[in-house]
Amino acid sequence: MEKERSKMSFGMAALCMGLIVAVMMIGILIYKIKLPTLLFLCWLIVVPFAKKIGISYSELQNGGFDMIRKGFEAVVIILAVGALTGAWIASGTVPGLIYLGLKIMSPTFFLITTLFLCSIVSLATGTSWGTLATAGLACMGIGEGLGIPAGMTAGAVVCGAFFGDKMSPLSDTTNMCPAVAGTDVITHIKHMIYTTGPAYVLSAIIFLVFGFKYGSGSADMHSVQSLMDAISGIFNVGFVVYIPAIVVITLLVMRQSPVTSILIGGVLGVTVAVLYQGQTLNDAAATLYTGFSGEFGNEFLNNLLNRGGIVRMQELATIMIAGLGLGGMLRVSGVLPAIVNKLTEYIKSVGVLVTNTIIICILGLSVGGSMAFTHVMAGTLMSPLFREFKLKPENLSRVLEDAGTLVAPLIPWGGSGVYTATMLQVPTVVYAPYCFINYLTPIISIIYGFTGFSMKKYTDEELEELERKEALTGV
C-alpha cells in the first residue's frame, strides 16, 4: 500500500540541503573526488527524504529526468562547442585571434592593452584559466619590465580573463548558467551586457588612467614577439582564418539555432584547416572529436591551444546532466519548495532577492571552491523565487555569472583563487583590489535589482502560457 503523502517540512528540507552541501564540500576539498561523481551520489541523499513524505522513487526519478530534458539543449551545445574549439584551433581561427590581440600590445597603454588582450584570448578560447597561463603570464613579464606593480598587472589580467570566460559562448560557465536557470545561451549573453558592459568600461577607464602613470617606461617586448612568431610560424594568419568566426557570429545575431550555428562553424573550421592550413581531411575532422594536438615550440601556446574536442567536454556535460537531475529531484521531493517558502518570508523585493542570490553564490564559492557547484546549487535553490517575482530566467542566469563566476578568483582558498595566485605568482590579497570588473559587476547587479532596470519580467499572459506549456510537458 502506498504511503500517504505529507508535506516536506522546512527542517527536513534544510537537513537534506545541508547533507548535500556537506558531501560536496568534503568530497571536493578533502578527498578530491570529481564533481560529476558527487552530484550523482547526491541523488541518493534525496531518496529517503522523499520516501519519508510518501514520494516513490519512480516519481523522484521522473522529476530528475524532466529537468534534464528541459536543459538538454545546453548539454548538446557544450558538446558542439568542444567540436568547434578543436576545429577552430586547427583552422587557425583561435590562434589568429590571439595573434591579433598580441599585435595591438602597446607599452604606452600597457594596462588597458593587457585588459583587451586577455579579453580577446579568453573570448576566443572560452577559458579564463588557459588565458591566465598563457597571455596572462606574458603580460606579467612585460609589466615587470615596465616597472608596473605586479598586483596592478595581475588585476588587469584577471579582469580580462574572467570577462572573456563570462561572455564567451565557448565557456563552460556561460553554457551552464542558462541551463540551470532555464534560458538559452544567446539570451543569457545579451542580458549580461547590462551589468558586465558598464563594469568593463569603468575598469578600462581606471586602467587607462593608471597606465598614464605607470606605463611610460620601455618594455622588453621579446616575449610577445616570440608568441607571435610561434603562431605565424605554424599557422597562416590571414583574413581567411576569421571567416568561421564571422559566419557563426552572423548566424547567432540572426537568431539561428545555436546548435546548428556552432556545428556550421565547426565544419567551416575543418574546411579552412584543409584548404588554407594544408591539413589532411582526416586530421582536421579528428579535431572535432579529440580536439587539437600539436607542438608549437612554445610552452604558453602548448598549454593554450592543445584543447577542444567533444571528448574534453564530456565531464562538463556530465556535470550538467547530474546537476539538472539533482535539481529536478529536489523540486519534486518538496525540498526546494519548502526552502523557498521559508525564504519568501524574508525576501520582499527584487533587490533583496538579487542580493541574497549573490550572497549564496559567494558562500557556495567559499565552501565548495567550485564555480560549477555554486552555479548548480544557487541556480536550483533560487529559480523558484525568481519565478515567484515574475522574473524571466535570464535574470537569474545573469546573477549567477555576476557573482558565481566573477567573484571566484577573489576567494583566496577557492579553486580559482588558488590557481590564479599560483599561476601569476601574486597573492590574492595583492591583485584583488585591482580586479575592478569582478566586484563592480555584482554591485551593479544589486543596484539593478533595487531599481528594476533591465530586470526583465513576464507579463501575466506570458506566465500563464508558460505554466500551461509546463503542465502539458510535465516539466
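A pocket here is an open set of points on a 1 Å grid over the protein atoms alone, with protein on both sides within 12 Å along at least five of seven lines, and its lining residues have an atom within 4 Å of a point. This is a predicted model, in which local features need pLDDT of at least 70 and side-chain atom pairs count only at pLDDT 80 or more, while totals for chains, interfaces and linings use all residues. Residues are numbered from 1 along each chain as its sequence is written, and side-chain values use heavy atoms, with hydrogens and water left out.

**Second largest pocket**
- The volume of this second largest pocket is about 800 Å³, a volume being the space filled by probe spheres set on grid points that are joined across faces, edges and corners.
- Helix α18 gives the most to its lining, with seven residues, and α3 (57–91), α8, α15, α16 (335–344), α19 (393–404) and α23 are among the elements that each supply at least two.
- Its lining divides into 16 nonpolar, nine polar and ten charged residues, where Ala, Val, Leu, Ile, Met, Phe, Trp, Tyr, Cys and Pro count as nonpolar, Asp, Glu, Lys and Arg as charged, and the others, Gly among them, as polar.

**Largest pocket**
- The largest pocket has a volume of about 1200 Å³, and of the 40 residues that line it, Trp129, Asp172, Glu315, Ile319 and Met371 are the closest to its centre.
- Helix α20 provides the largest share of this lining, four residues, and the lining as a whole comprises 17 nonpolar, 16 polar and seven charged residues.

**Helix α5**
- Of the 16 residues in α5, 13 are buried, that is, under 20% relative accessible area with a 1.4 Å probe and protein chains only.
- Glycine 126, which follows α5, has a positive phi, near 75°.

**Lysine 456**
- Lysine 456 lies in the loop between α22 (436–451) and α23 (460–473), and its relative accessible area of 36% makes it partly exposed, the class between buried and exposed, which is over 50%.
- Lysine 456 and lysine 392 are 64 residues apart in sequence, yet 5.8 Å apart in space, C-alpha to C-alpha.
- Leaving aside residues up to four places away in sequence, lysine 456 touches His191, Lys390, Leu391, Lys392, Glu394 and Asn395, contact meaning heavy atoms within 4.5 Å.

Terms used. 1 Å grid on protein atoms, 1.4 Å probe; cavity = no way out; pocket = protein on both sides within 12 Å on 5 of 7 lines; lining within 4 Å.
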